[in-house]
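Me: I'm new to this one, so could you show it to me and let me ask some basic things?

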Amino acid sequence: MSVYLGFDASTQSLTAILIRVDATRREVIVERTFRYDDELPAYGTAYGVLSGDDPRVVTAPPLMWAEAIDRMIGSLVADYPDEMAMLAAVSGSAQQHGSVYLNAGGLRDIAAVDPHTSLASQITEIFSRETSPVWMDSSTSVECREIADAVGGEAVLTARTGSGAFERFTGPQIRRFYKQDRSRYQSTARIHLVSSFLASVLAGKDAPIDVSDGSGMCLMDLATGRWWPEAVAATAPGLQSKLPSLAPSSAAVGELSRYWRERYALPAAKVIAWSGDNGCSLVGTGLVREGRLGISLGTSDVVFGPMADRRGRGYADGHVYGSPTGEFMGLTVFKNGSLARERVRDAYGLDWAGFSQALRSTPAGNNGSVMLPWFDPEITPHVLVPGVHRLDLDSRDTAANVRAVVEAQMIAMANHSRWMGVDIDTIHATGGASGNGDVLQVMADVFGATVCRIASRNAACLGAALRAWHADALASDHPIEWDEVTGDLARPIDGSAATPRAQHVGTYARLRERYRAFEDRMRPRVV
Ligand code: XUL
C-alpha cells in the first residue's frame, strides 16, 4: 500500500488530500482546507489577496502560502500519523501565473531551514519582493503590448506560446516589476511560480517549473517545452538567468527536505514537480482524453478540456496550455466566478439556501432579463473597467438578479468556449459551487449537455495527489496509464447531476444571442 499527498494552494485557501492506493483499493483518506483569511489573519488578506486603491493591482504574501503548508502538514501528521509515516510522494497544484521573487540568499536559506524552529520565521528574508502579483492582477496592459510588439505581434506570440499577452500572465508581470523597481529586480536571483516556489520549499532546493504551469507565462515555447529566447529578451534584461529550469510535470524534484523529515518524522517521500491548478483539475476530473469538457466553479470559473492536438483552433478567447498528461489543454477563464455569485448573494442578504430558492422560483431564460456581472475587471471578454450592466432587469428584484448572475456565467462560458472545437455531450463539474444542483441545472440547459459531478469538490487537489501517484510509479519503473490513475477517484459520481431539459435548450439558444449582442454593446472598445 502507498500513500500520496496532494496540495492545492488556491487563491483563497490551501487544501490537502491524502490518498491510499493498493492493488485493489484507491481511496481518499482525508481532504482538509484552511482559508488563509481565517487561519492566518496576521497577513491581512481578504479572500486570500491584498488589494489597494487601484482595483487592477492584486497581490498576496508568498510567506503566507509557505506557512500554510507548514500548518497543514503539522495538522495531518497530528491526525493521521500512521498514514503520513507511509507517504511515498507529494505533489501540488497552485493558482497559475502568480510569481515569487527570491534574492541571492533565498535558495540557500530554503535549503538550510532548521527543523527546530518554524519555517516561516526562518524565511522572512528570502524575498526580493514581499508580495507576489497573482492571476487577479490586471495592471499590465502596457507591458502586454510591449512584449507582443517586440516579438512580432499577438499572432506570433499565440502561435509560439499558446496565448496572446494577457495582463495576469507572468511575463508581463515581471516586465512591470522591472520597469517599476529596477534595483529590486536586479537583486532578484530567482523568479518562481507559486507552484515551483512551494515545491522548492518542500524539497529544500530549487524546483523546476513544470511545462503545464510554464505555459501560462508568455515565456515558453509550447511545442518544445523550453524557454523561448525572444519572449524572455522582450520581457526584461537578464531574465534568463533568473528563471528556473523547465521540466515535465512528472519530474521528481527531490525528497522532502530535512526540515519536514525531522520536524514531523516524515519519510524521504519524493517531491514531484507542482503544476498549475487548471492542469491539475484536468487530471482530477478524469479528463485525460479529448471529447468532454470540464467546468470549474471556483474563485474564477474556468472551462477546460484536453486537446490531443493544438493546431487548427482559433483560440482568440482562451489559451492552449501544456497538460500534465503530456498533451495539451484548452481553457477559457472568467474572473467573475464565485466572487460574483457571493456579491449577489450578499447584496440581497441571502444565504446559499436562499440563493438556490431564488433560482428555483424563477423561469429558465429569466423573461429575457440579462446581467453582465463584471464586478471585477473581467478576463473573458476582456473588460478592464469593472461594472455590472442590466438589460430589462430591475436591480430591486432579488430572485431575478440571482438567476441573472448564474445565467450570465453559464452563457458567457458557452459562448466563449466555442473556439475549443469540442463537440460535447457531457461536462464534468468541479469547484465549490458544483455542489449546488440548481446551478448545475442551468449549466445543463444552457450547454444542452449532461452535467456530471466529480466526487471531490477540489479536483485540482485530487489531481495533484493522483499526479504524485503517477509520477512515483513512473520513477519506480512501473508506469501506469492515466486512465487507471483517474479511473476510481476522479470518476463522475454515478447518476448524472443534471440533464438538459429540451424545452429550455431552445430558450437559452435565443438568450445566448441576446446576451452576445448586449455584451458586444457594453464591452469597451478602447481601453
Ligand atoms: C488561468 C487563471 C485562473 C487561475 C486561478 O489562466 O488565470 O484559472 O489559475 O487560480
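This is a predicted model: local features need pLDDT of at least 70, side-chain atom pairs count only at pLDDT 80 or more; totals for chains, interfaces and linings use all residues.

Me: Which residues of helix α16 are buried?
Reply: Helices (H or I, at least four residues) and strands (E, at least two) are DSSP runs, numbered from the N terminus, and α16 covers residues 352-360. Buried means under 20% relative accessible area, exposed over 50%, and partly exposed in between (1.4 Å probe, protein chains only). In α16 the buried ones are Phe 355, Ser 356, Ala 358 and Leu 359.

Me: Why do the buried residues of α16 line one face of the helix?
Reply: An α-helix has 3.6 residues a turn, so residues three or four places apart point the same way. Here you look down the axis of α16 and take the directions from the helix axis to the C-beta atoms. The buried residues line one face because they fall within an arc of 155°.

Me: Which helices do those buried residues of α16 pack against?
Reply: Contact here means heavy atoms within 4.5 Å. By that rule, the partners of α16's buried residues are α15 (338-347), α17 (398-416) and α18 (437-447).

Me: Which residue caps the N-terminal end of α16?
Reply: A polar contact is a pair of N or O atoms within 3.5 Å; within protein, one must be able to donate a hydrogen and the other to accept it, and residues adjacent in sequence count only if both atoms are side-chain atoms. At this end, a side-chain oxygen lies 3.2 Å from the backbone nitrogen of Ala 353. That oxygen belongs to the cap, Asp 351.

Me: How many disulfides are there?
Reply: A disulfide is counted when a pair of cysteine sulfur atoms lies within 2.5 Å. Take Cys 280, buried at 0% relative accessibility: its closest cysteine sulfur, in Cys 461, is 8.9 Å away, too far for a bond. Cys 461 is buried too, with a relative accessible area of 0%. The disulfide count comes to 0.

Me: How many salt bridges does the structure hold?
Reply: Side chains of opposite charge can pair when their charged atoms come close. The rule for a salt bridge is a side-chain nitrogen of Lys or Arg within 4 Å of a carboxyl oxygen of Asp or Glu. The total is 32.

Me: How many residues apart are Glu 143 and Lys 179?
Reply: Their side chains meet in a salt bridge (2.9 Å, N to O). Glu 143 is in helix α6 (residues 141-151) and Lys 179 in helix α8 (residues 170-180), so the pair links distant parts of the chain, 36 residues apart.

Me: In the salt bridge of Asp 206 with Arg 190, which residue is buried?
Reply: The closest N and O atoms of this pair are 2.9 Å apart. Asp 206 sits in the loop between α10 (194-203) and β10 (209-210), while Arg 190 is in strand β9 (residues 188-193). Asp 206 is partly exposed at 27%, whereas the buried one, at 13%, is Arg 190.

Me: Is Ala 265, with its positive phi, buried or exposed?
Reply: Ala 265 has a phi of about 50° although it is not a glycine. Its place is in the loop between α13 (258-263) and β15 (270-272). With a relative accessible area of 58%, Ala 265 is exposed.

Technical notes:
Residues are numbered from 1 along each chain as its sequence is written. Side-chain values use heavy atoms; hydrogens and water are left out.
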